[in-house]
Amino acid sequence: MAKFLRKVMKKISPAFQTHDEGEAETIVIPLQKTGRDFVEVADRIYLMPFPTQDKMASYSLYLNTKFGANYQIYNVSEHQYNCEAFNGQVIDYIFPGYPCASLDALFIMCKEIETWLQSDPSQVAIIHCQATRARSIMLLAALLTLQSSEYYHPEEALNNICDLLGL
């Protein structure tokens, strides 16, 4: 698992841009603009940026208009937010600090997303983390490996996702 995590960070790290904001330094990866910053990674599985205060209204309008009640947001950042704009359709997985989820937590998240998607063919899963997208991409690679016969190893899914995102 540690080897795979190093590969994720090696793939994603060259795309980092750092911005000095006073005392704190933030890391931002420019998101490939697809629709309203949403990227369809696989059928009914989307990646979105963290819904900051200034973007929350436009993101919720987009999701509520496009999918109605048929979407579920999976927040794998370390920050919870008021999810009223998304009709409460947000599940928080909180991992303080920079680490990715443990292998057992990753498996549980994948199974929950898979159950959501299998319960109705019109439902979609929306995944986001904070700024770097490492947690989101890790979850997506694991999910696609479990869900699809196209990938025999998470690294194959990781490479496909990074190619899709231009990383």
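**Figure 1. Lining of the largest cavity in the predicted model.** Helix α4 gives the most to the lining of the largest cavity, with 3 residues. Helices are DSSP runs (H or I, at least four residues) numbered from the N terminus. The model is predicted, so local features need pLDDT of at least 70 and side-chain atom pairs count only at pLDDT 80 or more, whereas totals for chains, interfaces and linings use all residues. Residues are numbered from 1 along each chain as its sequence is written, and side-chain values use heavy atoms, with hydrogens and water left out. Both α3 (103-119) and α4 supply at least two residues of this lining. The lining comprises V76, F95, C100, A101, L106, M109, R135, M138 and L139. By class, 8 of these residues are nonpolar, none is polar and 1 is charged; Ala, Val, Leu, Ile, Met, Phe, Trp, Tyr, Cys and Pro count as nonpolar, Asp, Glu, Lys and Arg as charged, and the others, Gly among them, as polar.

**Figure 2. Volume of the largest cavity.** The count comes to 1 cavity of 30 Å³ or more. A cavity is a set of points, on a 1 Å grid over the protein atoms alone, where a 1.4 Å probe fits but cannot get out; lining residues have an atom within 4 Å of a point. The largest cavity holds about 40 Å³ of space, the volume being that filled by probe spheres set on the points.

**Figure 3. Crossing of α3 and α4.** The two axes come within 9 Å and cross at roughly 60°. Axes are lines fitted to C-alpha atoms, for helices over the stretch in contact, with angles running from 0 to 180 degrees between N-to-C directions. α3 is therefore oblique to α4; angles under 35 degrees count as roughly parallel, over 145 as roughly antiparallel, 65 to 115 as roughly perpendicular and the rest as oblique. On the α3 side, the contact (heavy atoms within 4.5 Å) is made by L106, F107, M109, C110, I113, E114 and L117. The α4 side contributes M138, L139, A142, L143, L146 and Q147. Of the residues in this contact, 11 are nonpolar, 1 is polar and 1 is charged.

**Figure 4. Crossing of α4 and α5.** The axes of α4 (residues 134-147) and α5 (residues 154-165) come within 8 Å and cross at roughly 125°. These helices are therefore oblique to each other. I137, L140, A141, L144 and T145 of α4 meet P154, A157, L158, I161 and L165 of α5. The contact contains 9 nonpolar residues, 1 polar residue and no charged residue.

Methods. 1 Å grid on protein atoms, 1.4 Å probe; cavity = no way out; pocket = protein on both sides within 12 Å on 5 of 7 lines; lining within 4 Å.
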